Amino acid sequence: MASKSESRARARLARAGRWLARGVLALLFLVGAYVSLVPQGRAAARATLLLPALVTQTQPAALVASGEPVRHTQLVVSSRSGPVFLDVYAPTAGPPPAPGVREAVILISGVGDNRAVPQLINLSESLARAGLVAVQMTTPALLSYTLLPADADAVVAAVMATGNLPGVRPARVGILGFSAGGALACLAATDPRIRDSLAFITLFGSYYDARSLLKDFGRRALEENGQLKPWHPQLVPIQVLANTIATTLPSDEGKVLSDAFAQGAPPLMPAQIATLSPPAAAAYHLLAGDQPDRVDANIAALSPQMQTLLTALSPSTVVGELQTPIFLLHDRNDEFVPFTQSRAFDASLTALGKRHEFAEFGIFAHVEVKSGLGIGALVDDGSRLFRIIVGLLAPAS
Amino acid sequence: MLVLALGWVAVGLVVGAVALAAGLRPPMWGARGWLGVLGMGIGAALVGGTLGTLLFGRFFSTAVALWIAIVAVVALALAPRLAALRQR
């Protein structure tokens with residue numbers, strides 16, 4: 001009797017096991033078909049392997065094994081502002097029949113020469129392994145820590161050159177602008193030559209309005225929900241603004257302003273400041289943050305050329321003309337550009353009804369992933385980052 | 001490519017094993033039928049992986065290998081049953 005009920009129970013268990021295995025097979029089938037046949041599934045699969053590559057700053061074994069072999073080439077194209085240096089990371093093979101074309105992402109890594117920075121190479125190679133063409137771009141001005149409105153033309157030239165690469169179509173080219181590179185991406189995105197074809201622009205740790213950015217530097221504080229909070233910027237963005245504003249000054253005065261913020265340079269003495277023209281002195285005080293109570297007066301004292309430059313360098317000037325989808329990413333503790341800049345950008349885009357997505361993070365130090373992060377922070381920010389990456393990879397799929 | 005092909009073999013093996021657990025083993029294959037199901041899974045995964053590489057690129061080949069292997073082992077198990085049903 002006992003053995004009969006025992007064997008019945010065993011049979012029931014075996015039947016349940018069979019149905020469980022059938023369920024697993026059905027699930028695996030759906031996953032495999034979704035990931036390979038449906039464009040959103042393909043974007044999600046790419047994002048699944050790219051996310052760990054971004055967070056750990058190494059390429060996961062699965063990405064290396066299943067990814068495309070990558071070729072790195074260097075190109076120089078010309079623009080109105082001078083040469084544009086392109087580092088192209090592309091799969092060695094042509095695009096597969098489905099979808100028959102490759103997405104390309106132009107990476108503007110901000111100021112300085114970042115072309116040999118391991119994190120940027122890792123990102124470029126990972127994108128290429130996932131089947132995209134990654135193009136790092138820079139210009140002589142960016143290499144010398146200077147931001148010029150004319151470099152927007154360099155970005156346009158890079159976009160057009162990338163659209164002509166084998167396997168790439170102009171409508172599948174997007175821009176990922178880091179830090180100061182984000183502003184150039186915005187300015188370029190309104191250019192009639194690429195305005196209607198650009199797939200997306202993504203701004204990571206970028207500013208929205210150069211004048212309000214300068215105010216934040218001058219006050220050494222950022223304005224969050226109507227309240228001023230202390231904020232102490234790193235030296236690099238101060239140097240960039242000094243170099244940039246110096247281009248509007250006579251060369252000797254411009255050199256004084258630039259040199260005042262060089263690494264290890266002492267603050268200017270009152271006698272040295274007294275030799276500067278009123279606009280140069282106002283710019284100095286704003287950048288040095290030594291007159292936080294006179295920020296508005298110092299902004300007003302900037303020369304018309306400086307005011308024009310700040311306007312020309314501000315995405316806020318062209319926000320109404322932006323037509324491409326925009327992704328905004330910013331770390332809440334950014335010490336290079338206040339995260340409130342992206343909040344202001346988000347508010348403007350929302351008010352204008354423009355297609356965009358905004359995500360704030362806590363796992364980055366400006367645009368690089370911090371080390372020693374807890375699992376909670378990684379899961380929380382990772383899910384937000386995943387959603388953004390899927391959006392960026394949609395044109396590739 | 002070798003690593004990728006080994007991955008497809010692994011996928012085929014897993015699919016074959018799950019198919020056996022699901023009772024998807026053609027009855028007429030006898031005592032060694034389990035080996036046939038595993039072999040079918042591996043073979044179909046290799047074909048699927050190659051097809052996936054040609055159509056969707058290397059990156060998606062393993063996903064294609066997965067669902068083609070599943071289609072193959074399920075079709076293998078269901079074909080005799082469907083044939084018997086049609087004969088009735």
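Tutor: What follows takes the labels one at a time.

Tutor: This is a predicted model, where local features need pLDDT of at least 70, side-chain atom pairs count only at pLDDT 80 or more, and totals for chains, interfaces and linings use all residues. Residues are numbered from 1 along each chain as its sequence is written, chains are lettered from A and ligands numbered from 1 in the order in which they are written, and side-chain values use heavy atoms, with hydrogens and water left out.

Student: What makes the pattern of chain B, read along the sequence?

Tutor: The pattern is α-α-α. Chain B has 3 helices and 0 strands. Helices (H or I, at least four residues) and strands (E, at least two) are DSSP runs, numbered from the N terminus. Along the principal axes, the C-alpha atoms of chain B fill a box of roughly 45 × 25 × 15 Å.

Student: How do you know which residues of chain B are in contact with chain A?

Tutor: Contact means heavy atoms within 4.5 Å. By that rule, 23 residues of chain B touch 29 residues of chain A.

Student: What do chain B and chain A bury between them?

Tutor: About 2100 Å², with 76% of it on carbon and sulfur atoms. Buried area is the accessible area (1.4 Å probe) that two parts lose on being put together, summed over both. Helix 1 (2–21), helix 2 (33–56) and helix 3 (61–87) of chain B each give two or more residues to the side that touches chain A. Helix 3 of chain B gives the most, 7 residues. By class, that side of chain B has 20 nonpolar, 2 polar and 1 charged residues. Here Ala, Val, Leu, Ile, Met, Phe, Trp, Tyr, Cys and Pro count as nonpolar, Asp, Glu, Lys and Arg as charged, and the others, Gly among them, as polar.

Student: How many salt bridges are there between chain B and chain A?

Tutor: The count is 0. A salt bridge needs a side-chain nitrogen of Lys or Arg within 4 Å of a carboxyl oxygen of Asp or Glu. Over all chains, the search finds 15.

Student: Why is A:Arg80 with A:Asp153 called a salt bridge?

Tutor: Their closest N and O atoms are 3.7 Å apart, so the pair meets the 4 Å limit. A:Arg80 lies in the loop between strand 1 (70–79) and strand 2 (82–91) of chain A, and A:Asp153 in helix 6 (residues 151–163) of chain A, so the pair ties together parts 73 residues apart in sequence.

Student: What makes A:Gln57 stand out?

Tutor: A:Gln57 has a positive phi of about 60° although it is not a glycine. Most residues other than glycine have a negative phi, and most peptide bonds are trans. The peptide bond from A:Ala98 to A:Pro99 is cis, with omega near 10°.
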